[in-house]
Structure formats: C-alpha cells, structure tokens
Amino acid sequence: MADLDPAPTSPPTLAVPPTPPAAPSLGPGQIEIWKKIVDVQQHFNDLELRIRNFALIVTGAFLGLGGYAIKDAGVVKLFGLEVSIAGLVVVSAIFPLAAFYFMDRLWYHRLLNGSVYAGIEAETALKDLGYKVDLGSKIKEHSPFKLWLTEKTMVRSAIKMDLFYAILAVSLFLVAGFLGFGIRPQTVVDKTPSRMVVPPAGQPPADAASPALPANNPAYRCGRTVQGGRTNHHKFPDRQMKSLTP
C-alpha cells in the first residue's frame with residue numbers, strides 16, 4: 001500500500017516588531033524652548049538697565065561731592081596750572097563711568113545679542129511648524145531709527161548705548177572744567193576783635209601820666225622857639241611853664 005503524501009505544512013510566520021509609540025509633536029517642545037529664550041533676553045535686558053541706573057547714581061554722587069568741595073575752595077597745582085579740588089572730584093567720576101560702560105557695552109550687551117539671535121532661530125523653527133511667532137524679528141526691525149545727523153546710518157542699540165555714556169562723560173568734563181579753572185580761593189576777612197593789652201599792675205597807662213588838655217584851656221601857655229630860621233610856637237601847661245621859668 002503506497003504511502004499517502006503528507007499534508008502540506010504552512011510556512012512559519014515571521015515575528016513583527018512592535019510599532020514604536022508615535023513621537024510627540026515638535027510644536028509644544030519648541031514653544032517651551034522659545035519661552036525660555038525670551039526669559040533669558042528679559043534677564044539680560046534688566047541687568048543692563050540696572051547698570052545704567054547705577055551709572056546715573058554714581059555720576060550724580062560725584063557731582064554732589066564736587067559741589068560740597070566748593071566750600072573749601074582748595075586749589076592744587078597740576079602740571080603748572082592751579083586747579084580747584086572741586087573740579088578734580090567731579091572729573092574723577094569718569095573712572096567708575098568707564099567701568100560701567102565696559103560692563104554694559106562689552107559684557108552683558110553681547111550676551112543679550114546672543115539670546116536675541118537664538119530667539120530668532122527658535123521662531124524660525126516654529127514658523128516651519130506652522131506657528132506664527134516673530135517677536136524677535138519685529139523687535140530687531142523696529143528698534144533702529146534715523147536722526148537728522150545720521151541720515152545714511154541707522155541708530156541701533158549699540159550706538160544708543162554709546163550716546164548715553166557719551167552724554168554723561170561730556171557733562172562731567174564740562175562741569176569739571178568750569179569748577180577746576182573757574183573757582184579760586186577768596187580772601188577771608190578776620191572779624192575776630194583784637195585783644196586789648198592790659199598794663200601791669202602799679203604802672204599807669206601813658207595817657208594817665210600826661211593827660212591831654214584842650215587847646216582852649218587857659219592852663220596852656222604859648223612858647224616860641226626859633227629853629228632853622230623858622231619860628232615854632234608851642235603850648236605848655238602851667239606846671240611845665242613853671243618848670244621852665246628860671
């Protein structure tokens with residue numbers, strides 16, 4: 001008896017790997033990144049405003065010290081010139097002002113620029129995802145302006161900062177120049193009453209020894225002497241006439 005053909009076997013099924021979960025949308029994550037960048041921009045902008053506020057306070061303090069130094073009217077000799085101490089006090093404010101300028105212009109302002117460019121890149125990525133976000137772009141577009149002196153050059157944030165500190169520096173130099181070369185020490189009149197000299201006890205004053213008598217007093221007698229061809233008339237009291245009478 002012939003063997004029957006074995007029943008055909010089905011091929012083994014291949015294992016299908018599990019489907020990975022769907023990746024979250026890039027929109028919410030990118031928005032959080034953009035919001036954090038905006039917070040950093042606000043932080044650096046606040047720091048710069050504080051630095052400029054301190055620069056104004058320190059400049060005003062030095063101006064006040066210069067005004068207080070006017071009372072003394074002290075003068076020092078500097079390079080052969082007489083300069084008032086009040087002017088030197090005011091012009092010395094340029095040193096802390098230069099430190100504030102360095103911290104503002106060359107330190108935090110560069111960090112602020114970096115955060116602004118990072119925000120523009122984050123906004124570009126959000127625009128690709130269909131979000132309409134252009135805060136940094138609009139600020140960069142509307143921040144610069146033109147002056148009548150700079151018709152061909154846009155005044156941007158860096159130039160604005162330079163103008164701010166330049167105005168303070170020029171003001172300091174002008175006030176220091178007026179105070180330094182316009183104030184001179186004044187002669188002070190001593191109003192203290194002079195001390196009276198009291199003669200020692202037992203010694204009468206000179207006026208008491210020979211009291212003066214008026215000219216019309218009959219106690220005076222006239223005397224006459226001839227000296228160098230000129231006649232001199234003298235008046236003597238009676239007691240002196242008696243002593244002169246032989």
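**Charged pairs and aromatic rings**

Biologist: In this structure, a salt bridge joins the side chains of Glu-32 and Lys-35, at 3.8 Å from N to O. What makes this pair a salt bridge?

Modeller: The term needs a side-chain nitrogen of Lys or Arg within 4 Å of a carboxyl oxygen of Asp or Glu. Here the N to O distance is 3.8 Å, so the pair meets the cut-off. The model is predicted, with pLDDT of at least 70 needed for local features and 80 or more for side-chain atom pairs, while totals for chains, interfaces and linings use all residues. Residues are numbered from 1 along each chain as its sequence is written, and side-chain values use heavy atoms, leaving out hydrogens and water.

Biologist: How far apart are Glu-32 and Lys-35 in helix H1?

Modeller: They are three residues apart, which means about one helical turn. Helices here are DSSP runs (H or I, at least four residues; strands are E, at least two), numbered from the N terminus.

Biologist: Why is Glu-32 called partly exposed?

Modeller: Its relative accessible area is 48%. Buried means under 20%, exposed means over 50%, and partly exposed is in between (1.4 Å probe, protein chains only). Glu-32 at 48% therefore counts as partly exposed, and so does Lys-35 at 41%.

Biologist: What about Glu-48 and Arg-52: buried or partly exposed?

Modeller: Glu-48 has a relative accessible area of 2%, so it is buried. Arg-52, at 22%, is partly exposed. Their closest N and O atoms are 2.9 Å apart, and the two form a salt bridge. Both lie in helix H1, four residues apart. Salt bridges with shared partners also join Glu-48, Arg-52 and Asp-104 into one network.

Biologist: How many salt bridges are there?

Modeller: The count is six. One of them joins Glu-141 and Lys-138 at 3.9 Å.

Biologist: Let us turn to the rings. Why is the pair of Phe-44 and Tyr-108 called tilted?

Modeller: A pair of aromatic rings is described by the distance of the centres and the angle of the planes. Rings of Phe, Tyr and Trp (its six-membered ring) pair if their centres lie within 6.5 Å; planes under 30 degrees apart are stacked, over 60 edge-to-face, and the rest tilted. By this rule there are four aromatic pairs. For Phe-44 and Tyr-108 the values are 6.5 Å and 40°, so the pair is tilted. The two residues are 64 residues apart, with Phe-44 in helix H1 (residues 26-69) and Tyr-108 in helix H3 (residues 94-128). Both are buried.

Biologist: What makes Phe-164 and Tyr-165 an edge-to-face pair?

Modeller: Their planes are 85° apart and their centres 5.1 Å apart, so the pair is edge-to-face. Phe-164 is partly exposed at 26%, whereas Tyr-165 is buried at 4%.
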